[in-house]
Amino acid sequence: MTDQDATGSGDAGRSGGGTGRREARCGDDPGPAPGGAAEAGGNPGRKPQRNGRHPGDTPDDRSNAGQPDGGQPDGGQKNGDRRNGRNGHGQAAQPGQPAGNGKGANGNGKAGSNGQGGNGANGQAGNGANGQAGNGASGQGGNGASGQGSNGANGQGGNGSNGQGGNSGNGQGQNRRPRSRNGGQRRHPGPTFAALDLGTNNCRLLIARPSGQEFEVIDAFSRAVRLGEGVEGTNRLSDEAQDRAVKALKICASKIRFHRARFQRNIATEACRRATNAQGFLDRVVRETGIRLDVITPEEEARLAVAGCAPLIDPRAEQLLVYDIGGGSTELIWIDLSEVEPGNRRVVVRGLSPVGGVMRAPVGARVTDWISLPMGVSTLGDRFAAIHDERARFKAMAAYVEAAMSRFAPFSATDRIARTRRLQIIGVSGTATTFGAIHLGLRSYNRSRVDGLWIPREAVLRVSDRLLDMGLNGRAAHPGIGRGRAGLVLAGAAILMTILRAWPVPRMRIADRGLREGMLYGLLQQTRTIAAE
């Protein structure tokens with residue numbers, strides 16, 4: 001859903017939910033909270049990245065040293081880190097002699113010392129010390145020390161210490177046993193969660209571990225795949241778009257395997273809901289990556305977006321409107337929190353996340369209404385692409401959005417304007433984060449400053465006018481937008497401005513979070529439910 005036409009989240013190392021963050025929020029507007037009250041709640045910002053990024057970058061597209069990353073789209077590591085890794089020699093390499101440092105020395109034969117065959121020391125096959133295949137010590141094989149294959153110690157294989165494959169310690173594979181500084185065994189960190197969102201524009205992944213009532217992100221990934229490119233006109237996923245998505249999903253699958261994520265939620269949204277050939281694509285994803293994607297309903301998508309934003313809710317707000325401007329659709333959900341104690345409102349909203357795919361009624365809160373508009377930054381822009389004058393196109397897009405929004409009950413309510421005095425609006429989208437970054441004058445995207453930012457309504461209006469004044473070339477040259485989103489951000493602005501005209505709150509809050517965080521809350525609750533049974 002979330003188009004992230006501004007940015008992917010710079011997530012690795014953050015604590016989920018925004019509590020207990022290591023850094024105070026920068027750049028927040030000091031204005032009043034909804035209803036004129038001062039803002040409550042701490043900083044939801046995350047630790048900034050070491051190097052600044054443009055809002056158009058995908059800060060999630062990175063990994064820790066030696067981990068599967070975007071530079072290795074097949075998920076293998078450069079030097080054959082596992083049994084099936086790149087340039088790995090596997091088990092029992094050929095040919096050689098069963099001798100030590102003689103006929104089999106550093107050779108490719110079996111049972112050779114310092115050979116590359118099986119049962120050799122310092123070789124690359126099995127049962128050898130310092131070998132690279134199975135059963136080798138200090139090599140890349142199995143059952144050895146310092147090996148890179150299966151069962152190797154200090155290597156990249158399994159059942160060894162300091163390896164990168166399975167069952168190795170101090171390495172990067174399964175069942176590793178890292179040591180603490182005092183030489184003792186570290187406490188097991190608990191289960192690992194994976195939340196994957198394949199949207200119309202982006203493929204995004206978070207991998208996290210529980211941390212009290214929240215979670216700590218240990219790895220993240222985001223890549224623009226433009227899966228929904230052309231769907232507005234053809235109702236089909238193109239071969240090129242499918243290829244881009246599968247390539248990104250292979251990286252996600254590698255990361256999920258690498259971190260041994262036991263609990264997973266993998267979803268697809270509007271592009272797969274709409275495309276007539278979506279099932280064939282989903283079958284291909286299973287064949288090539290092993291990932292099974294659930295095509296979720298618009299209602300579940302809206303609930304996940306709201307749950308993911310729970311830490312950003314002002315406890316003083318009695319009404320909550322969350323919008324998520326995606327690539328192919330826009331979700332709006334209105335929550336009545338007036339009967340919930342202020343101190344419990346974040347907890348209640350977090351509980352909106354489905355558990356095991358089952359919708360739950362929020363305790364004390366009421367979902368007044370929700371709507372999924374079949375238009376996002378990609379599809380809306382495509383629909384009105386024939387209008388070349390940008391201001392005329394912007395006006396036409398806004399009118400189209402307003403007409404579609406009339407089906408949303410709070411829009412038609414007689415007390416619509418009166419409700420804004422108790423209303424908080426949270427924007428979950430790349431459009432919202434783009435507006436925040438431009439408002440702050442950021443040349444390189446800084447998530448810790450944008451996520452959770454309160455932006456005054458007047459500032460939103462100024463940014464919208466500025467985007468129109470820039471023109472297509474000006475937006476393409478802007479470091480916070482770029483050529484790839486120069487057109488998309490205008491469609492997003494038309495949707496955003498229509499929402500703020502309907503509910504003219506003094507300010508809104510920006511969220512660089514959403515579906516993935518909502519899924520993680522659901523997985524967290526699911527594991528606790530299982531543990532209690």
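Predicted model: local features only at pLDDT ≥ 70, side-chain atom pairs only at ≥ 80, totals over all residues.
1. Of its 10 residues, 7 are buried, so β4 is largely enclosed by the rest of the structure. On one side, β4 pairs with strand β3 (residues 193-198) in the antiparallel sense, over 6 bridges. Within that pairing, Ala194 has Ile207 of β4 as its bridge partner. The link from β3 to β4 is a hairpin of 3 residues.

2. β4 also pairs with strand β5 (residues 214-224), again in the antiparallel sense, this time over 10 bridges. Here Cys203 stands opposite Arg223 in β5. The hairpin of β4 and β5 has 2 residues between the strands, and Gly212 takes a positive phi there, near 65°. That glycine is worth a look when you inspect the turn.

3. Next comes the open sheet of 6 strands. In what order do the strands lie? The order is β10-β9-β8-β11-β13-β12, and the pairing is mixed. At the edges are β10 (366-373) and β12 (454-456), each of which pairs on one side only. Neighbouring strands of this sheet are turned by 20° against each other on average, with direction ignored.

4. Within this sheet, strand β8 (residues 319-325) and strand β9 (residues 330-336) run antiparallel and are joined by 7 bridges.

5. The crossing in which α2 passes α4 is right-handed. From α2, the residues in the contact are Gln242, Asp243, Ala245, Val246, Leu249, Lys250, Ala253 and Arg257, and they meet Phe281, Arg284, Val285, Glu288 and Thr289 in α4. By class, this contact of α2 with α4 holds 6 nonpolar, 2 polar and 5 charged residues.

6. The other pair is α8 (residues 390-405) with α13 (residues 457-477). How far apart are the axes of α8 and α13? They lie 10 Å apart, and the helices pack at an angle of about 125°; α8 and α13 are therefore oblique to each other. The crossing of α8 and α13 is right-handed. On the α8 side, Glu390, Arg391 and Phe394 take part, meeting Ser464, Asp465, Leu468, Asp469, Gly471, Leu472 and Arg475 in α13. The residues of this contact divide into 3 nonpolar, 2 polar and 5 charged.

7. Leaving aside neighbours within four places in sequence, Thr379 is in contact with Glu232, Arg274, Gly327, Gly328 and Pro374.

Note on methods: Residues numbered from 1 in each chain as written. Heavy atoms only, no water. Axes fitted to C-alpha atoms, helices over the stretch in contact; angles between N-to-C directions. Helix = DSSP H or I, 4+ residues; strand = E, 2+ residues; numbered from the N terminus. Parallel < 35°, antiparallel > 145°, perpendicular 65-115°, else oblique. Left-handed = near helix turned anticlockwise from the far one by under 90°. Contact = heavy atoms within 4.5 Å. Nonpolar A, V, L, I, M, F, W, Y, C, P; charged D, E, K, R; others polar. Pairing = 2+ DSSP bridges. Buried < 20%, exposed > 50% of the residue type's maximum accessible area, 1.4 Å probe, protein only.
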